[in-house]
Amino acid sequence: MSVSHVIRLPRSGARALVMADEELDDLDDTWPDVAAEVVSRVERLLHPTDRLRHRAARQLAALCVADLLRCPLDAVALRQICPTCAGTDHGRPGVVDDSGIYRNDVHVSWSHGQFAVAAVAVRARIHRGASPTRVTDAAPMAIARKRGTA
């Protein structure tokens, strides 16, 4: 998988990844360990690029968590639960342990906008999710820096 920008913030221990839309075709067809309801909902989205962005966000989040916890990627399980309706196909993302219990020591957020996808994992609670506007504004500059065109 090609990732435009990898960010490690030593003081907070956060891991963040950004991927431009033009790189979505490089994704493999596998999903990280997420609830079947998420996959079902995403596969019903009308536009193929929307489906790719949703899957990429979760793949990047799983990579961030694996790097943060220094564990194999296949050991990362992401779940979502809506605090209003208790639905498991949407809501705040989190990491669960082998018994399905949410881990309080790892927090995850992701965003997918018109031009890029981003994800972050950190040991402190993320009070505000990644903003699609910020991702859209920041991703082209990060990509340009990587390519040496900025």
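Is A14 buried or exposed? A14 counts as buried, at 5% relative accessibility, where buried means under 20% relative accessible area, exposed over 50% and partly exposed in between, with a 1.4 Å probe and protein chains only. The points below set this residue beside others in the structure.

1. Basis of the note. This is a predicted model, in which local features need pLDDT of at least 70 and side-chain atom pairs count only at pLDDT 80 or more, while totals for chains, interfaces and linings use all residues. Residues are numbered from 1 along each chain as its sequence is written, and side-chain values use heavy atoms, with hydrogens and water left out.

2. Overall fold. The protein has three helices and six strands, and the order along the sequence is β-β-α-α-β-β-β-β-α. Helices (H or I, at least four residues) and strands (E, at least two) are DSSP runs, numbered from the N terminus. Of the 150 residues, 45% count as buried. The accessible surface comes to about 8400 Å², and 53% of that surface belongs to carbon and sulfur atoms; these areas come from the Shrake-Rupley method with a 1.4 Å probe, and for residues only the protein chains shown count as cover.

3. Contacts along the chain. Among contacts between residues at least 6 apart in sequence, 51% join residues at least 24 apart, contact meaning heavy atoms within 4.5 Å.

4. Residue Q80. Strand β3 (residues 77–81) contains Q80, which is buried at a relative accessible area of 7%. The side chains of Q80 and R58 are joined by a polar contact of 3.1 Å. A polar contact is a pair of N or O atoms within 3.5 Å; within protein, one must be able to donate a hydrogen and the other to accept it, and residues adjacent in sequence count only if both atoms are side-chain atoms. The Q80 side chain also reaches the backbone oxygen of G91 at 2.9 Å. When residues up to four places away in sequence are not counted, Q80 touches V38, R58, G87, T88, H90, G91, R92, P93, Y102 and W110.

5. The cavity. There is one cavity of 30 Å³ or more, and the largest cavity has a volume of about 30 Å³. On a 1 Å grid over the protein atoms alone, a cavity is a set of points where a 1.4 Å probe fits but cannot get out; a pocket is an open set with protein on both sides within 12 Å along at least five of seven lines; lining residues have an atom within 4 Å of a point. Grid points are joined across faces, edges and corners, and a volume is the space filled by probe spheres set on the points. The lining of the largest cavity consists of V34, A35, V38, R58, L78, R79, Q80 and W110, and β3 gives the most to this lining, with three residues. By class, the lining has five nonpolar, one polar and two charged residues. Here Ala, Val, Leu, Ile, Met, Phe, Trp, Tyr, Cys and Pro count as nonpolar, Asp, Glu, Lys and Arg as charged, and the others, Gly among them, as polar.

6. The second largest pocket. This pocket has a volume of about 150 Å³. Twelve residues line the pocket, of which T30, W31, P32, Q59 and L73 lie nearest its centre. Its lining has seven nonpolar, two polar and three charged residues.

7. Backbone angles to inspect. Most residues other than glycine have a negative phi. R70, which is not a glycine, has a positive phi of about 55°. R70 is placed in the loop between α2 (48–69) and β3 and is exposed, with a relative accessible area of 73%. A86, also not a glycine, has a positive phi of about 65°. A86 lies in the loop between β3 and β4 (92–96) and counts as partly exposed at 48% relative accessibility.

8. L45 and H54. L45 lies in the loop between α1 (36–43) and α2 and counts as partly exposed at 25% relative accessibility. Apart from neighbours within four places in sequence, L45 is in contact with D50, R51 and H54. H54 belongs to helix α2 and counts as buried, at 12% relative accessibility. With neighbours within four places again left aside, the contacts of H54 are R41, V42, L45 and H112.
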